[in-house]
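Welcome, and please open your viewer with the chain drawn as a cartoon. We will go from stop to stop, selecting a few residues each time and looking at what is there.

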Amino acid sequence: MNIRSLYRDFPLGGPDPLDYVSMYRNLGNPALNVPEHWHYVSFGLSDLYGDNRVHEFTGTDGPSGFGFELTFRLKRETGESAPPTWPAELMQGLARYVFQSENTFCSGDHVSWHSPLDNSESRIQHMLLTEDPQMQPVQTPFGVVTFLQIVGVCTEELHAAQQWNGQGILELLRTVPVAGGPWLITDMRRGETIFEIDPHLQQERVDKGIETDGSNLSGVSAKCAWDDLSRPPEDDEDSRSICIGTQPRQLSGKDTEQIRETLRRGLEINSKPVLPPINAQRQNGLTHDRAPSRKDSLESESSAAIIPHELIRTRQLESVHLKFNQESGALIPLCLRGRLLHGRHFTYKSITGDTAITFVSTGVEGAFATEEHPYAAHGPWLQILLTEEFVERMLEDLEDLNSPEEFKLPKEYSWPEKKLKVSILPDAVFDNPLH
């Protein structure tokens, strides 16, 4: 059974980027304890035509279009004779993000959706991505296509993937039949997380994995801002006034384009723009998961740095003020424990502009922040270098971030001798940054 979009070519003006989504009744595999389910496959992220109308044709050996299509497996309910159509809308939303941002997905990535995938009361409100267990990569006349399966997960499972890595949580989901099983089938009626079903999974697998491996999450799209406290706020001629939180000076069109191009080249791999809402009531954000090398580098392919432009000078700052909303602030302990203590880095990329904040450890190569000058800015991109000793202290001082239910906003943390201040603020502050 196929569901075909009203308009075929999103880049040519239609509302739906996918040509269509095929829906199949999959009988599963009783021998492997795989239940019957609905199997959805997208068409349109890969090149279906080869005429440069939608995707640039680059040859048969490279990726076809974006190089992948999306799949989804939904548990079939008793007596259900036709597949629900909401997964097709979900796929269209993800595809819209890919077309608009030109960023692609990979196995192990996760998407923070913050809403039940089917608009019900379900606990399944986020997604992980992995290789489809049945559909192998295909060589087509227009390039190679792989198939990435969407796997619905609970908030607690998403947080575990952020703190550790997506592949590790996917492996745990495969071992719990009601949470996905070997083919990772999403059950929207699942009422328990894998950690509630088997409490030992958190301590024996996830916590041990975080301690041993750290986190693979190298950056997130976030509501964040930073201010340079080194200079009087009335000095609006310096490029520090680019930072959100003070009235910015007027940048020329050329300046703005240089900043945007520099940020795009450097952060597009790790930190992606917010996912566009499927409807006006839902706001979605995407976080991206990448496996880093043991010796982390801001210039590596897996976590590319912003390439300094000769017309944007790097500045050493004496004192900085970091601002996050509660959701972004809750990831600071993950940034410190799962990334910096393992010699890595972590980037917050603002969803409302070009502002970015990158925390780096002393072992990260390619950073322009140094132990002598731990706060450095390149245009709207701030780097903060933290020593292991200071990270341990911050983790102690920020312990209450792990208990969001007891958290009251606004909340401020300060380390005067380090000339560093962190504020956790309501979302409204970032929605109206100049007020």
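Rings of Phe, Tyr and Trp (its six-membered ring) form a pair if their centres lie within 6.5 Å; planes under 30 degrees apart count as stacked, over 60 as edge-to-face and the rest as tilted. With that in hand, select Phe324, Phe346, Tyr348 and Phe359, which form one aromatic cluster.

Before moving on, a word on the model. It is predicted, so local features need pLDDT of at least 70 and side-chain atom pairs count only at pLDDT 80 or more, while totals for chains, interfaces and linings use all residues. Residues are numbered from 1 along each chain as its sequence is written, and side-chain values use heavy atoms, leaving out hydrogens and water.

**Stop 1: around phenylalanine 324**

Keep phenylalanine 324 selected and show its surroundings. Which residues is it in contact with (heavy atoms within 4.5 Å), leaving aside neighbours within four places in sequence? Among them are Cys224, Ile332, Tyr348, Phe359, Val422 and Phe430.

Buried means under 20% relative accessible area, exposed over 50%, and partly exposed in between (1.4 Å probe, protein chains only). A nonpolar core is a set of buried Ala, Val, Leu, Ile, Met, Phe, Trp, Tyr and Cys residues joined through side-chain atoms within 4.5 Å. The largest such core has 36 residues, of which Leu322, Phe324, Leu336, Tyr348 and Phe359 touch the most other members. Apart from it lies another core, of 31 residues, including Ala95, Tyr97, Val111 and Met127.

**Stop 2: the four-stranded sheet**

Helices (H or I, at least four residues) and strands (E, at least two) are DSSP runs, numbered from the N terminus. Two strands pair if DSSP finds at least two bridges between them. Now colour the open sheet of four strands in the order β10-β13-β19-β18, where the pairing is mixed. Why is one side of β10 (224-228) and of β18 (411-415) left without a neighbour in the sheet? Both stand at the edges, so each has a single partner strand.

Follow the sheet strand by strand:

- β10 pairs with β13 (residues 320-325) in the antiparallel sense over five bridges; aspartate 228 has valine 320 as its bridge partner.
- β13 and β19 run parallel, joined by six bridges, and valine 320 stands opposite leucine 420 in β19.
- β18 and β19 pair in the antiparallel sense over five bridges, with tyrosine 413 partnered by valine 422 in β19.

Zoom in on the turn of the hairpin formed by β18 and β19: four residues lie between the strands, and lysine 419 in the turn has a positive phi of about 55 degrees. Is β19 enclosed or open? Five of its six residues are buried, so β19 is largely enclosed by the rest of the structure.

**Stop 3**

Select α8 (residues 332-339), a helix with seven of its eight residues buried. Among the buried ones are Ile332, Cys335, Leu336 and Arg339. Cysteine 335 has a relative accessible area of 0%, and cysteine 224 has one of 2%. How many disulfides (pairs of cysteine sulfur atoms within 2.5 Å) does a search of the whole structure find? The search finds zero.

**Stop 4: two ring pairs**

The structure holds twelve aromatic pairs. Show tyrosine 40 and phenylalanine 72, a tilted pair at 6.1 Å centre to centre with 50 degrees between the planes. Tyrosine 40 is in strand β3 (residues 37-43) and phenylalanine 72 in strand β4 (residues 63-75), 32 residues apart. Both of these residues are buried.

Next, jump to phenylalanine 368 and tryptophan 381, whose ring centres are 5.0 Å apart with planes at 85 degrees, so this pair is edge-to-face.

**Stop 5: backbone details**

Look at the peptide bond from leucine 409 to proline 410, which is cis, with omega near -5 degrees. Proline 410 is in the loop between α9 and β18.

Finish in the loop between β5 (110-112) and β6 (126-131), where histidine 114 is found. Its phi is near 60 degrees, a positive value in a residue other than glycine, and histidine 114 is partly exposed at 38%. Asparagine 119 is in the loop between β5 and β6 as well; its phi is positive, about 65 degrees, and at 51% relative accessibility asparagine 119 counts as exposed.

Definitions and conventions. Contact means heavy atoms within 4.5 Å. A disulfide is a pair of cysteine sulfur atoms within 2.5 Å.
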